[in-house]
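Welcome, and please open your viewer. We will go from stop to stop, with something to select at each one.

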Amino acid sequence: MRYSLPIGKILDRQLKRLETKNMDAPTRITGEIQRLKNAVQALESVALNPDPSHNDARHMARTHEAGERLEVAVRATRQRSNELLNHHSQRLNAKLAERTGLQAPDNVEGILRNSELRAAVRSLEPEARRDVLRDAVKTKDVATLNALVNANPLVVGMDADFINSMNLAYQKSVAPEILDEIDELLEADSALQAAARTAEKVASESQDAVAMSAFIKAESAAKEASVSFQEAMAPQMPLQ
């Protein structure tokens, strides 16, 4: 149907992305897209299946009420998805920091050691500075990486883009599956936001009598066209 079809396509794409991946966080958010699809389909069912005992005004009132329920469902979905995103983002970022060892020092000794290392690197020629960081990534020298990637680029004497690219290269080398899950989590949230915007539009239109009448007429016409096409394509019985 016109309203639930776009959300269904978003859901199908997400399920396809995750079908070979065992990832809790993006799977849970994708489940929220399914909830939205179900809620929109419930509204469509109300709109397209009027109670024979109700007149048009009463039917439109029931559709309006269904739209209000959908609005509530969308708000609840957004709240649940935000909680899921925040919780799992914190969990994955903490897991990434533990795996990579890239964490700011928590004592004076560590702060001074990082400061001395940065000063030594800054005294080198620009390409030699970059070589230090390249070697640290290659050898997984966590102490050097901590001093260089967690500091202001001006203090290190290197371009921010280069530092970020080296940091990402190191993370990919030691925690590829964690980065993959973070990417899938953000992709799932983006898909959910698109589905939620569609559902919000549906809820708004369902409370607009003109828009809803147009929707019902369009769906009815599409159904009649489909029946006519099927009848036209059906095998014809030979004449006796």
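**First stop: a loop residue**

Select Lys140, which sits in the loop between H5 and H6; helices here are DSSP runs of H or I with at least four residues, strands are E runs of at least two, and both are numbered from the N terminus. This is a predicted model, in which local features need pLDDT of at least 70 and side-chain atom pairs count only at pLDDT 80 or more, while totals for chains, interfaces and linings use all residues. Residues are numbered from 1 along each chain as its sequence is written, and side-chain values use heavy atoms, leaving out hydrogens and water.

Check the backbone of Lys140: its phi is positive, about 55°, although the residue is not a glycine. Is Lys140 buried, partly exposed or exposed? Its relative accessibility is 41%, so Lys140 counts as partly exposed (buried is under 20% relative accessible area, exposed over 50%, partly exposed in between, with a 1.4 Å probe and protein chains only).

**Zoom out: the whole chain**

Colour by secondary structure and you will find ten helices and zero strands. Buried residues make up 35% of the 240 residues. Now show the surface: the chain exposes about 14,400 Å², and carbon and sulfur atoms supply 53% of that (Shrake-Rupley method, 1.4 Å probe).

**Next: helix H8**

Select residues 160-174, the 15 residues of H8. From first C-alpha to last, H8 reaches 21 Å, close to the 21 Å expected at 1.5 Å a residue (the expected span is 1.5 Å times one less than the number of residues).

Which residues of H8 are buried? They are Phe162, Ile163, Met166, Asn167, Tyr170, Gln171 and Val174. An α-helix has 3.6 residues a turn, so residues three or four places apart point the same way. Display H3 (56-100), H5 (126-139), H6 (142-149), H7 (153-156) and H9 (176-206) too, as they are among what covers those buried residues.

**Last stop: the core**

The largest nonpolar core has 48 residues, and Ile33, Leu70, Leu133, Leu145 and Met158 touch the most other members (a core is a set of buried Ala, Val, Leu, Ile, Met, Phe, Trp, Tyr and Cys residues joined through side-chain atoms within 4.5 Å). H9 gives the most to this core, with twelve residues.

Finish on Met158: leaving aside residues up to four places away in sequence, Met158 touches Val121, Arg129, Arg130, Leu133, Leu148, Pro153 and Ile163 (contact means heavy atoms within 4.5 Å).
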